[in-house]
Amino acid sequence: MGVISVVGMYRTGKSFLLNKVILNRKEGFQVGPTVNPCTKGIWIWGEVIQGQKDGQSINIVVIDTEGIGALDEDSNHDTKIFSLAVLLSSLFLYNR
């Protein structure tokens with residue numbers, strides 16, 4: 001099994017990236033038109049997706065994270081989200 005997560009500054013398109021590129025969907029993780037965050041904490045996609053590694057079929061879990069630097073949280077909270085995402089991931093994407 002593999003785990004893909006994306007972390008980055010708030011309002012930089014992390015959820016949009018996962019929806020379009022990884023999940024290949026128009027809708028998936030919530031995306032909003034305002035500066036207010038949609039993702040709080042860590043969200044895990046409810047279904048595994050199929051992928052390939054070294055010619056073998058594997059299950060992949062997709063994780064979306066709350067944005068770093070949001071005005072309603074402190075740096076300690078951001079560090080916890082970032083660290084947990086790194087520790088859980090087989091593939092870690094940092095979106096700046």
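## Fold and surface

In this predicted model, the chain is built from five strands and two helices. Read from the N terminus, the order of the elements is β-α-β-β-β-α-β. Contacts between residues at least 6 apart in sequence join residues at least 24 apart in 56% of cases.

The chain has 96 residues, and 36% of them count as buried. Its accessible surface is about 6100 Å², with 55% belonging to carbon and sulfur atoms.

## Nonpolar core

Eight residues form the largest nonpolar core: I4, V6, L18, L23, W45, I49, I60 and V62. Two elements, β1 (2-8) and β4 (56-65), each give two or more residues to this core.

## Helix α2

Helix α2 covers residues 75-88, 14 residues in total. From its first C-alpha to its last, α2 reaches 20 Å, close to the 20 Å expected at 1.5 Å a residue.

The buried residues of α2 are D78, I81 and A85. Viewed down the helix axis, the buried residues of α2 fall within an arc of 65 degrees, so they line one face of the helix. In general, an α-helix has 3.6 residues a turn, so residues three or four places apart point the same way.

Strands β1, β2 (42-44), β4 and β5 (91-95) are among what covers the buried residues of α2. On the face turned away from the buried side, α2 carries the exposed residues S75, K80 and L87.

Terms used
Residues are numbered from 1 along each chain as its sequence is written. This is a predicted model: local features need pLDDT of at least 70, side-chain atom pairs count only at pLDDT 80 or more; totals for chains, interfaces and linings use all residues. Side-chain values use heavy atoms; hydrogens and water are left out. Helices (H or I, at least four residues) and strands (E, at least two) are DSSP runs, numbered from the N terminus. Buried means under 20% relative accessible area, exposed over 50%, partly exposed in between (1.4 Å probe, protein chains only). Contact means heavy atoms within 4.5 Å. Accessible areas come from the Shrake-Rupley method with a 1.4 Å probe; for residues, only the protein chains shown count as cover. A nonpolar core is a set of buried Ala, Val, Leu, Ile, Met, Phe, Trp, Tyr and Cys residues joined through side-chain atoms within 4.5 Å. The expected span of a helix is 1.5 Å times one less than its number of residues. The arc is that of the directions from the helix axis to the C-beta atoms.
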